[in-house]
Amino acid sequence: MGGPGVRWREAIVVALLLTATGAAWAEEAFNVIGLRMSKVTVYKDCNMDKGIPFTREDLDKRKPWRATRDSSTAVYYWVKMDDGNYCVKAFAVETDKPVPVVKDEECHTRVAGRPLKTGAVRGVGEGCSQ
Amino acid sequence: MSSPLVQDGSMVRDSIVVSQGPSATVRTLAQFVFLACLGALLFNLHGISLHLSPWSQAIVNAIVKYTYKPTGQDRTLVVLFREENLATLKESYPISYARHAEILEALALYEPAAVFVDFAFIDARPGQDVRPLSDAICALKAQHIRVYLAASPIAAGRGVTDGLRDGLDRGCFTAVNVQMDAESGASGVLTYLACRSVEASCAPREMLWTPAFQMAAAEVGLGRGDAEQMEIIWGNRVSKLNESWMDCTTDGAFAHLRQMVKENPLASKRKCPHTNTISVLHLLGPFDQGLKDRAVKGRTVFYGGSFEMAGDRVISPVFDDLPGVYLHAMAYDNLLTFGKDYKRAEQHGLSLSRVVNGLLLLFTIVLLLLVDKPPAFARRMLGRIGAISPRIKWLTLAVAVLCVALTAIVRTSLLAILLLVPLLIGVVAVLHLAATHPEREPTARQFLWSGFLGGLILAGAVLLFVGVDARYGIEAALLLVVLPGYFVYKALVARDVLFVATTVLLVGAAVVSFLPPINLGPRNIVAYVAFFEVARHLMKRAEDATRRYFALRHEQPAPEDWGVGASVLSVMDWIFALFIRGDEEGTDDGRTGRAVA
């Protein structure tokens with residue numbers, strides 16, 4: 001049975017280990033081995049306006065297709081293509097090993113609440129000066 | 001004295017013996033009319049039920065928490081697009097068709113049974129192709145997943161078209177009317193339309209149904225002609241899925257106590273919804289087989305949004321303001337849980353709901369007229385019950401207990417009929433008690449003991465409230481501490497057993513109206529009990545004023561002392577006499593009689 005000081009030290013060590021594991025995972029590569037749909041969209045530099053379709057045939061040509069996690073979100077994986085870095089939606093692809101989510105991005109979210117009362121809605125006045 | 005007062009021999013202030021004036025029957029009738037008018041005034045114009053609905057609703061919430069079945073909760077899922085998700089997904093508001101399409105594609109992987117999209121695609125958007133969205137919807141249909149899209153409320157109201165933009169393949173989805181009912185005071189939204197309005201029939205095929213009715217109709221066997229406006233029972237079961245990622249902490253027991261005393265028990269509401277929920281980030285993240293099996297596969301998904309400054313919030317009696325999609329999910333949950341016996345809301349005209357409200361008021365008035373000072377005819381009639389053989393009494397009690405047991409054990413659609421028997425027996429028992437129960441003035445020792453007991457009950461209730469609230473929540477504290485505490489106070493300190501009995505009977509009547517085949521929503525019993533107490537107090541005050549009047553009449557009998565003519569005084573005598581309750585007639589059995597004046 002340790003005192004409060006010992007518990008603090010344990011907590012710090014565990015936190016450091018978890019952080020290190022997360023960082024390592026972010027860097028650690030894995031392979032995309034399949035698409036869950038016949039066609040997915042990949043986005044150059046993760047720009048949503050630069051999406052291009054990607055099919056199972058395209059994947060077959062690239063196997064093993066190496067991917068890395070996005071350090072900021074679990075929604076995308078980063079993949080390399082001929083002309084640069086692309087991101088692909090995590091749900092849409094199968095990987096050769098499970099890619100754990102270090103921490104749910106939605107942790108401690110409040111769904112019910114009392115929003116501030118406002119006298120406007122989105123977009124009021126937008127573009128009026130043009 | 002120019003004119004005697006009460007026909008049946010009542011005495012006022014030991015001196016006025018009357019032989020004319022209103023009879024006991026006339027007085028009872030006049031008091032009945034007065035109370036009926038007062039009830040109509042309070043329940044309709046002043047809105048006593050509106051003011052007291054938070055208390056009644058809080059009690060309903062507490063009961064629902066422990067009785068609402070998980071049938072609907074297990075089969076319903078909300079997928080929420082939250083304001084914060086926009087930044088993560090590099091998206092802007094309104095969400096692009098491509099993003100919606102992507103979310104529907106992700107949903108398809110999880111194989112739900114049906115998907116309702118709570119976003120209305122009404123206007124064409126420059127620079128955005130709607131085809132990916134239409135394709136995603138049709139892909140769901142191809143997978144035998146039913147899709148429902150929110151129609152334009154204005155167009156749906158006309159019942160001619162769905163009002164949605166061109167380019168969406170109408171063969172792949174069913175349009176539904178997402179019109180929301182008005183809020184009911186502090187309680188929020190308590191009702192849910194079946195289609196456009198309560199006046200119009202939902203039977204015509206061109207009439208768009210609301211999502212919950214449209215999606216559940218086939219599952220519960222609801223025909224188009226059977227749909228009526230619903231009174232939503234806001235379930236408040238714990239969702240383990242929600243607790244795994246949401247912040248569900250409450251304000252704490254002392255905050256609840258303060259808010260309950262300062263405002264009402266609904267001032268502090270629950271933070272986590274009853275309906276299982278995931279966000280679009282959960283859906284778009286790595287595929288989760290466990291989530292699929294546990295919460296999505298074969299379930300009905302309600303896909304909606306929660307955005308700042310976009311409206312679409314629903315105020316409920318149980319939860320802090322929720323995104324509007326939860327209203328449809330809760331109504332659907334109710335339909336799955338209760339099936340065809342879902343709770344019907346109040347309707348315009350002479351509806352069953354209004355009839356039951358009227359009967360409850362009538363029931364309360366009859367108790368008011370009979371409990372404190374029953375007239376001789378009521379005492380005579382009810383006193384005869386005392387002469388019934390004990391064997392018959394025991395048999396009656398056994399029948400009542402059997403009916404309650406059958407109601408609890410047997411699954412029948414006639415529960416209310418079975419419960420009516422003990423309820424009627426209870427009414428007769430209370431009236432009998434009222435007619436024969438002697439009123440006794442407390443001794444000095446009893447008075448002191450009552451005061452001490454009252455203080456003890458109050459202190460114990462506060463301590464218990466804090467403890468139970470901290471451990472089990474405010475609903476349990478209300479149900480297990482506040483209500484029993486008040487009843488114990490009324491029974492032991494105020495020694496008002498009749499109040500307790502009357503309340504129990506009103507609650508019984510509300511339960512009967514809730515169960516099949518009546519199937520009405522919860523009644524506002526607190527308002528009826530409050531009316532019972534207010535009217536009882538008013539009647540006592542009126543009788544005291546009458547006694548004061550007749551005492552003055554005895555002291556100053558001459559009309560000139562009153563400054564009016566003899567005929568006017570005579571009319572006043574008659575009118576004041578109307579407020580005298582009971583009379584001095586004894587029952588057949590002199591022992592059970594009770595003096596009034």
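Modeller: First, a term: pLDDT is the predictor's confidence in each residue, from 0 to 100. This is a predicted model, where local features need pLDDT of at least 70, side-chain atom pairs count only at 80 or more, and totals for chains, interfaces and linings use all residues. Residues are numbered from 1 along each chain as its sequence is written, chains are lettered from A and ligands numbered from 1 in the order written, and side-chain values use heavy atoms, without hydrogens and water.

Biologist: What is the mean pLDDT of chain B?
Modeller: The mean is 81, and 81% of chain B's residues reach 70 or more.

Biologist: Over which residues is the pLDDT below 50?
Modeller: Residues 1–19 of chain B are below 50. That stretch has 53 contacts (heavy atoms within 4.5 Å) beyond near neighbours in sequence. Residues 585–597 of chain B are below 50 too, with 35 such contacts. Where pLDDT is low, don't read the coordinates in detail.

Biologist: New topic. How do the axes of α18(B) and α19(B) cross?
Modeller: Helices are DSSP runs of H or I, at least four residues, and strands are E runs of at least two, numbered from the N terminus. Helix α18 (residues 444–472) and helix α19 (residues 474–493) of chain B cross at roughly 170 degrees, with axes within 8 Å. Axes are lines fitted to C-alpha atoms over the stretch in contact, and angles run from 0 to 180 degrees between N-to-C directions.

Biologist: Roughly parallel or antiparallel?
Modeller: The crossing makes α18(B) roughly antiparallel to α19(B). The cut-offs are under 35 degrees for roughly parallel, over 145 for roughly antiparallel, 65 to 115 for roughly perpendicular, and oblique for the rest.
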